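Hi everyone, thanks for coming. Let's take a look at a structure together, and please follow along on your own screens.

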Amino acid sequence: MSNSIFRKDGTAQGVAKQRLIESLAKPNKRIIYDPYADKFVIGASIIKLMGHKFSVWLGDKIVPGMHEHLISRTRFIDDLIEESTLNDIEQYVILGAGYDSRAHRLKLPSKLKIFEVDQLEVQERKLSIISDKTPNMENVTYVSVDFNHQSLSEQLLDAGFDRNKASIYTLEGVSQYIEKEALKSTLKELAKLNPNSNSKIFISYVNRLFKEDPKACFGMGYSKPEKAIKFITDGAANVGEPWISFYSAREIKDLLFQNNFTLTEDKTLADLNSKYFTPVGRTIPENHIFKLEHFIVAESRV
Ligand SMILES: C[S@@+](CC[C@H](N)C(=O)[O-])C[C@H]1O[C@@H](n2cnc3c(N)ncnc32)[C@H](O)[C@@H]1O
């Protein structure tokens, strides 16, 4: 365990913090709204005092585009979940859920069973904060798993996961923290969990160029990518959750294919700019757009 005050949830708080900041924007300007994020973030009252504009400006001084990157990732998954669950999907497994509040803030069908998977310590803190009366709490089951050391399928089945129901899985901002072997075995287990039902998966992964070629990874117009990389790398390591795994597009495609999934979408912040930010008058300037993380969707081949 890390010696930091964050006790394994530093990065989960980091993402929740960006959702809190975004939720402070005016309703006609924001990309997502998370009314629960403030409960999990240490120092939330200071952020609320600073407000949306100032907090985003301050973040941009350190890693330009990071706020937009994280909230567009969340919005992309929100859209995917709302759309997929309108149809045949009956189970949603949030892998590395952290302080994700999708179960409570999205409009989801009441038949949808949600399984939140994360490390025990993070779930204990979440459960100690979130009230039993939070909307849709009755449809959420907490399943504690350490991807590096435990079997996901065993724990999910014990928690009531139904092998015969079409399912969707999301792994948002997690693959960089776990060993490559753990991602591989997780996908292998998912493929075997419900082999006869349709399933979909979202994964975000960090491009291996992050380590090998910062300029190419961040995009040509981005200023000082090395500085951004150092800040991200040091920040994650300082809260005891270093980034350890990076992938090429080919590696991910092969990994999915070997486990019976076919890639259907592959987006970066550059693709989501016109989709989410331009319509609300917040087009991200070219020199703030980076491509370090990919947001991919894959479907099972049954
Ligand atoms: C950056 S946070 C993302 C949280 C959430 N998906 C979100 O976007 O708000 C990374 C999450 O991965 C979880 N995680 C990291 N390593 C893990 C492991 N070995 N087993 C299970 N969860 C892990 C952390 O506890 C944390 O909640």
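I'll talk about the ligand and its surroundings, and then about the sheet.

Please keep in mind that this is a predicted model. So, which residues come nearest to the ligand? Of the 21 residues around the ligand, those are Gly96, Asp118, Gln119, Asp146 and Glu172. Sorted by class, the shell around the ligand has 9 nonpolar, 6 polar and 6 charged residues. Helix α1, residues 10-23, supplies the largest share of that shell, with 4 residues.

Now for the backbone. Glu172 has a backbone N or O atom 2.9 Å from a nitrogen atom of the ligand. For Phe147, too, a backbone N or O atom lies 2.9 Å from a nitrogen atom of the ligand. At Gly98, a backbone N or O atom is 3.5 Å from an oxygen atom of the ligand. How much of the ligand's accessible area does the protein cover? On its own the ligand has 590 Å², and the protein covers 97% of that.

Let's move on to the sheet. It is an open one, formed by 7 strands in the order β3-β2-β1-β4-β5-β7-β6, with mixed pairing. Why is one side of β3 and of β6 left without a neighbour in the sheet? β3 (140-144) and β6 (261-267) stand at the edges and each has a single partner strand, so one side of each has no neighbour there. On average, neighbouring strands of this sheet are turned by 20° against each other, ignoring direction.

Finally, find β4, residues 167-171, and β5, residues 199-206: these two pair in the parallel sense over 5 bridges. Leu171, for instance, has Ile203 in β5 as its bridge partner.

Conventions. Residues numbered from 1 in each chain as written. Predicted model: local features only at pLDDT ≥ 70, side-chain atom pairs only at ≥ 80, totals over all residues. Heavy atoms only, no water. Near = heavy atom within 4 Å. Polar contact = N/O pair within 3.5 Å; in protein donor to acceptor, adjacent residues only side chain to side chain. Areas by Shrake-Rupley, 256 points an atom, 1.4 Å probe, with all protein chains shown as cover. Nonpolar A, V, L, I, M, F, W, Y, C, P; charged D, E, K, R; others polar. Pairing = 2+ DSSP bridges. Axes fitted to C-alpha atoms, helices over the stretch in contact; angles between N-to-C directions.
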